[in-house]
Structure formats: structure tokens, C-alpha cells
Amino acid sequence: MGVASKAWRCSGGVLVNNISAEILHHQKQKQPSPRQDRRHCWSYLPWRRRTAVPWTAVCGLLLFVVGLISLFTGHVASDLEWYSQRLVKRTWYYKKDRGYRAPIDIWKSKFSNLYYGCSDRGPHFAPAVRERFSNGYLLIATSGGLNQQRTGITDAIVVARILNATLVVPELDHQSFWKDESDFINIFDVEWFIAYLAKDVPIVKRVPEKVMRSMDKPPYTMRVPRKSEPDYYLEQVLPILLRRRVVQLTKFDYRLANDLDDDLQKLRCRVNYHGLRFTKSIRSLGLRLVTRMRKMAKRFIAVHLRFEPDMLAFSGCYYGGGDKERHELGEIRKRWDTLPELSPDEERTRGKCPLTPHEVGLLLRALDFDNNTYLYVASGEVYGGEETLRPLKELFPNFYTKEMLASQELESLLPFSSRLAAIDYIVCDESDVFVTNNNGNMAKILAGRRRYMGHKRTIRPNAKRLSALFAARNKMEWSTFSRKVKSCQRGFMGEPEEMRPGRGDFNEFPSACICQKPHEYFPLNKNQPHQHFDRFRNVSADDEYVGNEHLRTR
């Protein structure tokens with residue numbers, strides 16, 4: 001045991017500064033045995049106690065005190081992680097190269113080029129069965145908005161593969177909150193969808209007339225439980241499919257388990273990141289908006305604001321609008337019969353409330369994005385309108401939306417919320433930095449896609465810890481607030497280190513589809529020799545963020 005670590009243990013986890021001379025003296029001595037070491041530790045101190053208090057008990061007491069203080073002030077909690085990270089074993093990035101220090105680029109992870117998306121079929125992944133030899137036809141009725149339906153379509157392909165069935169092009173939801181009459185062919189490139197996935201699953205546009213005429217009964221309709229395992233489909237759905245030839249699964253959203261074997265997870269990635277391609281007209285318009293943003297700035301941030309009335313009502317949170325807000329959002333909330341009664345204060349403490357536009361702006365400025373940064377805001381109708389957006393626009397005057405960039409070109413899409421959402425999806429995907437404001441479907445899917453496409457910077461607010469900081473921001477200097485925000489956001493900046501097998505929703509963390517490049521890509525510093533690194537790498541806890549003025553242009 002080294003002398004420094006002995007001093008750490010003997011002082012209950014706090015190095016004692018007034019014994020540095022004795023530490024230097026003991027560095028020259030032979031290392032004692034464990035029993036001798038225990039006695040020798042206490043001889044370092046200017047006092048001697050008969051019984052040692054376990055340092056874990058001291059730490060526990062300190063954490064309890066810190067928790068009480070942070071509960072009332074909000075000042076200490078954000079620093080606690082910073083100190084705790086210095087005590088734990090470092091992993092990933094600096095495990096093999098602790099001497100190297102580099103600032104964190106707020107625009108792009110310096111480790112992003114070490115990984116790439118990999119979703120190729122494995123050697124044991126059998127080719128798709130032909131339609132006439134399949135076990136029957138699977139009809140899927142999706143549910144929700146564009147991105148919720150996207151998850152349903154992705155899982156539908158996997159379920160068809162599990163059942164050895166032919167998938168009929170899924171039917172989109174026309175009855176949800178958004179009342180969008182768009183069909184699959186209006187949003188996605190159906191010919192590409194069928195052709196790209198032909199080696200995985202046979203897909204047809206409709207059940208053949210010959211099959212329909214041969215059926216004694218209409219297609220069997222059923223709804224499977226949420227997050228059902230593959231065995232459920234084999235035991236409960238397959239027998240019906242074999243007997244009836246055509247089965248329809250309704251309300252198909254999140255009806256397949258999150259954790260599957262790697263071959264099926266890679267199939268999910270092939271569907272989501274390659275097979276589901278928007279129509280040519282939607283892609284062209286979305287990319288035109290990206291080009292217009294690029295003409296104004298070499299790089300820009302896309303913010304998925306998600307501050308629409310339905311989102312706020314669903315969250316059960318309160319934003320200071322008094323009785324008017326409570327009444328309006330309460331009426332919207334009645335549309336969901338199964339929502340429980342929630343405490344707005346508890347939901348905010350739990351980090352379940354979307355940040356206000358003002359808080360989003362404060363977060364970005366605290367992370368050192370300056371007010372010359374260009375923002376593309378993806379959003380529907382913002383609750384409170386221009387008055388709600390005003391603080392964000394003051395913090396970031398270069399503020400743009402799809403309506404500002406292409407008002408006339410969007411006119412034909414205005415009745416179709418899913419097609420408008422597809423435009424936002426494209427611009428957010430192509431942005432240099434993507435900022436989510438909730439953990440909803442679009443946020444998860446885009447976060448996963450951006451990881452798959454090269455770990456493009458994706459920032460998710462750590463709302464649970466930021467809530468106390470926002471509440472106390474007027475009680476501290478801006479520099480203090482900024483430092484604490486950066487501390488809160490460690491682990492929420494879209495770094496490769498955040499990828500861990502089995503973590504979270506697969507749509508957000510597609511770990512089975514992220515591969516490591518060969519080691520020749522790994523040197524972190526041109527002045528240092530090549531070293532071996534682990535599969536993932538970690539950013540040092542005491543690194544700082546680099547603002548606009550320090551970065552190279554794209």
C-alpha cells in the first residue's frame with residue numbers, strides 16, 4: 001500500500017496536510033506488513049485514538065449532511081458527483097492514458113471517430129423465407145405519433161422474423177391525438193422499405209386476394225402485452241397464425257421486449273437506420289432546410305423543444321401560469337383516461353418535467369455556447385406562444401424554425417403533423433448538436449441514430465439534478481452556476497462512454513450495433529506512442545468544456 005493511500009485510509013478518506021513531512025520520511029522506509037501498517041497509520045496523526053472509526057461511516061455521515069444542505073440550497077448537490085468521480089476507478093478513455101488531458105469539445109466528441117454503426121447480418125442469420133413458404137401474413141396497426149409509430153414498424157419487422165411470417169406494410173394510426181390521415185406511403189419510401197429488408201423478412205403491400213377469398217373468417221385481431229418476449233409470440237401468436245393464415249396486431253407500440261439477441265437487435269438497426277427512409281419529397285425539403293442553416297452558419301444546434309400543450313398536460317407538471325394554466329392543461333389531460341394524479345413538485349424533483357424554453361437557453365449558455373450560435377428549434381405549437389419563447393430568443397437571437405425557413409413550401413404539409421415531424425427529424429439528425437428536452441420517442445430514436453451514425457453530439461438535460469440548480473440560479477454567480485451545470489451534465493453529453501450493453505431503451509442506446517474501429521485509429525495525442533485501449537473510453541471528470549472561441553471550424 002502506498003503512503004498516500006495509507007494516509008487516505010487513516011484520516012477517514014481525507015488527506016491530512018500537516019503530516020506531509022512524515023509522509024516523505026516514511027516513503028524511504030520498507031513497506032510494513034498489513035498488521036504493522038494498521039498501527040503505523042495511526043502514528044502519522046498528532047493524536048492517537050484507541051479505536052478507529054470506519055471511514056465508510058464518516059463518508060456516510062458527510063453524504064447525509066451534504067444531502068440535507070443541497071435539499072435546501074441546491075448548491076452542493078451538483079458538486080458531489082465531481083468529487084465522487086475522483087474517488088472511483090476511472091474507466092474507458094483514460095484507463096490506459098491517465099496522464100493525457102484534453103478539453104471537451106462541446107460541438108463534437110473527440111472519440112466519435114473511434115466507433116461506427118454495424119448492423120450487418122451475422123453468419124448464422126438465415127435468409128428470409130419466401131412469401132409462399134411463410135407461416136402466414138402479419139398485419140400491424142401502429143399507434144401514436146410519427147416516432148412512436150416508427151418504433152412499432154421496427155418491431156413489426158422483428159416479430160415477422162420471429163414468426164417466420166410475411167409482413168404486410170404497416171397501417172398508420174389515424175385516430176391518435178394528432179388526427180393525421182397520412183398513410184405509410186405518404187411518409188416513407190415503401191418500395192425502398194420492401195427491397196432493403198427483403199433478405200430479412202418478406203414484405204407485401206397487401207394480403208393477396210387469393211388468400212383473402214380462401215379464408216372462412218376475417219383476419220384474427222389481437223393485442224399483445226407490452227414488451228412481450230419472443231417466446232410469447234411463438235407460444236401465443238404463432239398457433240393462431242398457422243390456423244388462421246392472417247393475424248392483425250393492434251395498438252402495436254413497444255409490444256416487443258427491449259432486450260433481444262444480437263442478431264435481432266441488429267435487425268432493429270437495419271430497419272430503423274436504413275430501411276425506414278422518408279419519401280423523396282420529404283427528404284428533399286428537409287435537406288433544403290439544412291442547407292439554408294448551413295449557409296448562415298458552418299454549424300448549428302437543433303433543439304427538440306417539446307413544449308406543446310399536450311406534452312405539458314401529459315407530464316402533470318406546473319410552470320407558473322396560475323389557475324389558467326391548471327385549467328387548460330387539466331382539460332387536455334382528461335383525454336387520457338388512465339393517467340394517475342401527480343404532484344407537480346414531485347415530478348419536477350424526479351426530473352420528469354420538460355425544461356422551459358428559458359431553461360433550455362440557460363443550459364446551453366452555461367455549457368459555453370455563446371449567443372452567436374445558430375439554433376434550429378423543432379417544435380409544434382409552444383404553450384404560451386411568443387411570450388414563452390422570448391427568453392430563449394434573447395439568449396440566442398439566431399433562432400430559426402421550419403416555418404421561418406420554408407413557410408410557403410410547408411403549406412401543403414400543414415394538415416399532416418407526422419409529415420411536419422419528419423421535416424424536423426431530418427434537420428435534427430443533420431445538426432452538429434442535437435438537444436433533447438424530454439425522454440420521448442423522437443428524443444430516444446434520434447439519440448440512438450446519432451450514436452449509430454458516428455456519435456454526433458447529443459445533449460440530454462439531466463433534469464433531475466438541474467431542477468434544483470434552476471430553482472437556485474439567482475442565489476449564485478453565473479460562473480458558479482455554469483460550473484455546476486457542467487458537472488450535472490457529465491454523462492449526458494452523448495459521449496461514447498455512455499454506451500453500455502443493456503443500458504436503457506435500445507432505441508436510445510443501440511449497443512449491439514456500435515462497433516469499435518481497429519486500434520490504429522486510437523492514438524489520442526500525436527506526441528504520445530500508440531497504446532491499447534478498452535472497448536469504451538471515458539472523459540476525465542475534471543476536464544473543462546471548450547466554448548465557440550476555442551474550436552476549429554468544421
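Is glutamine 149 buried or exposed, and what is its relative accessibility? Glutamine 149 counts as buried, at 4% relative accessibility; buried denotes under 20% relative accessible area, exposed over 50%, and partly exposed the range in between, with a 1.4 Å probe and protein chains only. The model is predicted: local features need pLDDT of at least 70, side-chain atom pairs count only at pLDDT 80 or more, and totals for chains, interfaces and linings use all residues. Residues are numbered from 1 along each chain as its sequence is written, and side-chain values use heavy atoms, with hydrogens and water left out.

Glutamine 149 belongs to helix 6 (residues 146–163). Helices (H or I, at least four residues) and strands (E, at least two) are DSSP runs numbered from the N terminus. Between glutamine 149 and aspartate 173 the separation is 24 residues in sequence and 7.7 Å in space, C-alpha to C-alpha.

## Salt bridges

Side chains of opposite charge can pair when their charged atoms come close. The structure contains 28 salt bridges, each defined by a side-chain nitrogen of Lys or Arg within 4 Å of a carboxyl oxygen of Asp or Glu. Among them are the following pairs.

| Arginine 226 | Aspartate 253 | 3.8 Å |

The side chains of arginine 226 and aspartate 253 meet in a salt bridge. This pair links distant parts of the chain, 27 residues apart: arginine 226 lies in the loop between strand 6 (220–222) and helix 10, and aspartate 253 in the loop between strand 7 (246–249) and helix 11 (262–275). Arginine 226 is partly exposed at 47% relative accessibility, whereas aspartate 253 is buried, with a relative accessible area of 5%.

In the pair of arginine 306 and aspartate 310, arginine 306 counts as buried at 17% relative accessibility, and aspartate 310 is buried at 8%. Aspartate 310 is located in helix 13 (residues 309–315). The side chains of these two residues, aspartate 310 and arginine 306, are also joined by a polar contact of 3.4 Å.

Elsewhere, a network of salt bridges links Arg121, Asp200 and Arg270.

## Contacts of aspartate 189

Aspartate 189 is placed in the loop between helix 7 (184–187) and helix 8 (190–196). Its side chain reaches two backbone nitrogens: that of glutamate 191 at 3.4 Å and that of tryptophan 192 at 3.1 Å. A polar contact is a pair of N or O atoms within 3.5 Å; within protein, one must be able to donate a hydrogen and the other to accept it, and residues adjacent in sequence count only if both atoms are side-chain atoms.

## A negative surface patch

On the surface, Glu229, Asp231, Glu235 and Asp259 form a patch of negative charge. Such patches comprise residues with over 30% relative accessible area and no salt bridge, like charges being joined within 9 Å and nonpolar side chains (Val, Leu, Ile, Met, Phe, Trp, Tyr) within 5 Å. Within this group, glutamate 235 sits in helix 10 (residues 230–244) and is exposed, with a relative accessible area of 54%.

Terms used
Accessible areas come from the Shrake-Rupley method with a 1.4 Å probe; for residues, only the protein chains shown count as cover. Lys and Arg count as positive and Asp and Glu as negative; His and the chain ends are not counted. The place of a charge is taken as NZ of Lys, CZ of Arg, CG of Asp or CD of Glu.
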